Amino acid sequence: MPKASEIKKNAAVELNGKTYIVKDINKMTPSGRAGASLYRMRLYEVGTGAKADESFKSDEMLNLVDFHRNKVSFSYVDGDEYVFMDDVDYSSYSLNSETISEELPFITEDTKGLQILLVEEKPVGIELPASVELLITETDPSIKGASASARTKPATLTTGLVIQVPEYIASGEKIKVNTAETKFMGRADS
């Protein structure tokens, strides 16, 4: 049983007889010498998707639930359901668009490195790779001779995501995007 301070994002924990996925963790350090750190976690119940916000002391013990990650590829959309196919045994998993709303702006048919999170063999979420390659569909024209470090401009990507890119980037270019910070990393290698 790990301490609250050892829990990572996307871990599955048991709380009050229910299984939750940890979506976000904020460490709060109270002022004063005797105050212990608190970990405020945003939890989503497996199955229902009900949201819960809980705070734990850093040395409080939590029960981890057995869960697996399987490599998957995005297959197709069926109404509100997004269907992913297992890269090994080709079984399919469906996830509601609300469940993966934070991840959807980074997912296309070409996205590599996706992993599905399975708790008790039920799909509960998608884990993104550290970076993805996306195509720019719309941005202001590139400025010839623009410096590499200076100013940025908004760019709309194929998924609808809007990020800031350097002025020298043009529409139709494929770029790498950091999925944790939603930031431009550079032109795609391919």
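## Surface and overall make-up

What does the accessible surface of the chain come to, and what share of it belongs to carbon and sulfur atoms? In this predicted model, the accessible surface is about 11200 Å², and carbon and sulfur atoms account for 46% of that area. Of the 190 residues in the chain, 37% are buried, and the C-alpha trace spans about 60 × 50 × 25 Å along its principal axes.

As for charge, the chain carries 22 positive and 30 negative side chains, and the centres of these two sets are separated by 9 Å.

## Secondary structure and confidence

The chain contains 15 strands and 0 helices. Among the contacts in the chain with a separation of 6 or more, 43% are between residues 24 or more positions apart.

The average pLDDT of the chain is 86, with 92% of the residues scoring at least 70. Confidence is highest in strand S14, residues 174–178, where the mean is 95, and lowest in strand S10, residues 122–127, where the mean is 84.

## Phe67 in strand S6

Phe67 belongs to strand S6, which covers residues 67–78.

Although Phe67 and Leu118 are 51 residues apart in sequence, their C-alpha atoms are 5.5 Å apart in space.

## Two glutamates between S13 and S14

The loop between strand S13 (162–166) and S14 holds Glu167, and Glu173 is found in the loop between S13 and S14 as well. Is Glu167 buried or exposed? Glu167 counts as buried because its relative accessibility is 11%, and Glu173 is likewise buried, with a relative accessible area of 18%.

The polar partners of these two side chains can be taken in turn. The side chain of Glu167 makes a polar contact with the side chain of Arg151, at 3.2 Å, whereas the side chain of Glu173 reaches a backbone atom, the nitrogen of Ala170, at 2.8 Å. When residues up to four places away in sequence are not counted, Glu173 touches Leu134, Leu135 and Ile136, together with Tyr168 and Arg187.

Key: Residues are numbered from 1 along each chain as its sequence is written. This is a predicted model: local features need pLDDT of at least 70, side-chain atom pairs count only at pLDDT 80 or more; totals for chains, interfaces and linings use all residues. Side-chain values use heavy atoms; hydrogens and water are left out. pLDDT is the predictor's confidence in each residue, from 0 to 100. Helices (H or I, at least four residues) and strands (E, at least two) are DSSP runs, numbered from the N terminus. Buried means under 20% relative accessible area, exposed over 50%, partly exposed in between (1.4 Å probe, protein chains only). Contact means heavy atoms within 4.5 Å. Accessible areas come from the Shrake-Rupley method with a 1.4 Å probe; for residues, only the protein chains shown count as cover. Lys and Arg count as positive and Asp and Glu as negative; His and the chain ends are not counted. The place of a charge is taken as NZ of Lys, CZ of Arg, CG of Asp or CD of Glu. A polar contact is a pair of N or O atoms within 3.5 Å; within protein, one must be able to donate a hydrogen and the other to accept it, and residues adjacent in sequence count only if both atoms are side-chain atoms.
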